[in-house]
Amino acid sequence: MGKARSTSHALPPSEQVHPLAEDLDLVPPEEVIRRLHREDVAAVRAVRPALRGMARVARSVADALHAGGRLVYVGAGTSGRLGVLDASECPPTFGTSPSQVQAVIAGGPRAMTRAVEGAEDDAEAGARTMRRLRVGPSDVVCGISASARTPFVRGALQEARRRGAHTVLVCCGPPGPGMEADEVLLAQTGPELVAGSTRLKAGTATKLILNALTTTAFVTLGKVYRGRMVDMRPGNTKLRARAARMVAELTDLTLPAAQRLLERAGHEVKVALAMHFAGVSAEQARRRLKHSGLRDLSARGPTKAPARKPRARRA
């Protein structure tokens, strides 16, 4: 949606009273659930207008990560927690370093489980976090604010832009005064059934956007092959079983054979697959993966030595 500047001093949509909420405390639980579900569906629809912008941002994130930069989420309250959730899921899902996708929440780590009074109102604290992280031109800084007015996020984005980072704002209402970013991903979810409770519809839309950004970026970077998370870290029994199952499915090996291949690959799914496709050792597979994706290796098949010419028979 391009650059956005402040548009209004009016009450943010998320703070307004929903027209179907006046009797919410009078209707039976079944009706409350129905209304909440209807709002969830509205949240999904609200994301659709932002899809093109999301694709641009995902490409920017992929480019930044490929070049050694970072994606840094910044938010407060529910928005900040959603950023932390998405960032924390990237290493186990895509085998990434925790430094690649980071998240900052107003009030620090304790704000993950309890409200830290006044933290979101401190714009200078948001700016300080950007200086502390030394964000720069190689990074993408994504502010998350349902109201699009959170001072902590505003301060962070302003400092990030000053330092040359590519900035993004994920929001559910028009940006407030001073809230500027290079790209704005706006999902206009409107009033919540419980006025101001952005953990509801706005939170749902925000999570959909963050899911899409990192998933698309890492698909672009080759972290997914044929719909499987081939760079995941199999750190528990369930994930080790999933890893063996993936290798078996993608190679047509038996499960025991797939498990043996995984062991030779150091339990790295992508390395195991590259070993099978190219017919090489684990070390050679890792080298090839630096220059080729699994699609390329599976298409080429094992590298064969050139056939020797038959020797001429002696008379």
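In the predicted model described here, G143 stands opposite L169 in strand β4, and this pair belongs to the six bridges that join strand β3 (residues 140–145) to strand β4 (residues 166–171), the two strands running parallel. Strands (E, at least two residues) and helices (H or I, at least four residues) are DSSP runs numbered from the N terminus, and two strands pair if DSSP finds at least two bridges between them. Residues are numbered from 1 along each chain as its sequence is written. Because the model is predicted, local features need pLDDT of at least 70 and side-chain atom pairs count only at pLDDT 80 or more, whereas totals for chains, interfaces and linings use all residues, and side-chain values use heavy atoms, with hydrogens and water left out.

Five strands form an open sheet in the order β2-β1-β3-β4-β5, with parallel pairing. The edge strands, each pairing on one side only, are β2 (101–105) and β5 (183–186), and the twist from one strand to the next averages 20°. Helix α3 (residues 77–94) packs on the sheet and touches β1 (71–75), β2 and β3, its direction making about 155° with that of β2; contact means heavy atoms within 4.5 Å, while axes are lines fitted to C-alpha atoms, for helices over the stretch in contact, and angles run from 0 to 180 degrees between N-to-C directions.

The axes of helix α8 (residues 255–264) and helix α9 (residues 269–278) come within 8 Å and cross at roughly 105°, which means that α8 is roughly perpendicular to α9 (65 to 115 degrees; under 35 is roughly parallel, over 145 roughly antiparallel and the rest oblique). The contact is made by L261, L262 and R264 of α8 together with V269, A272, M275 and H276 of α9.
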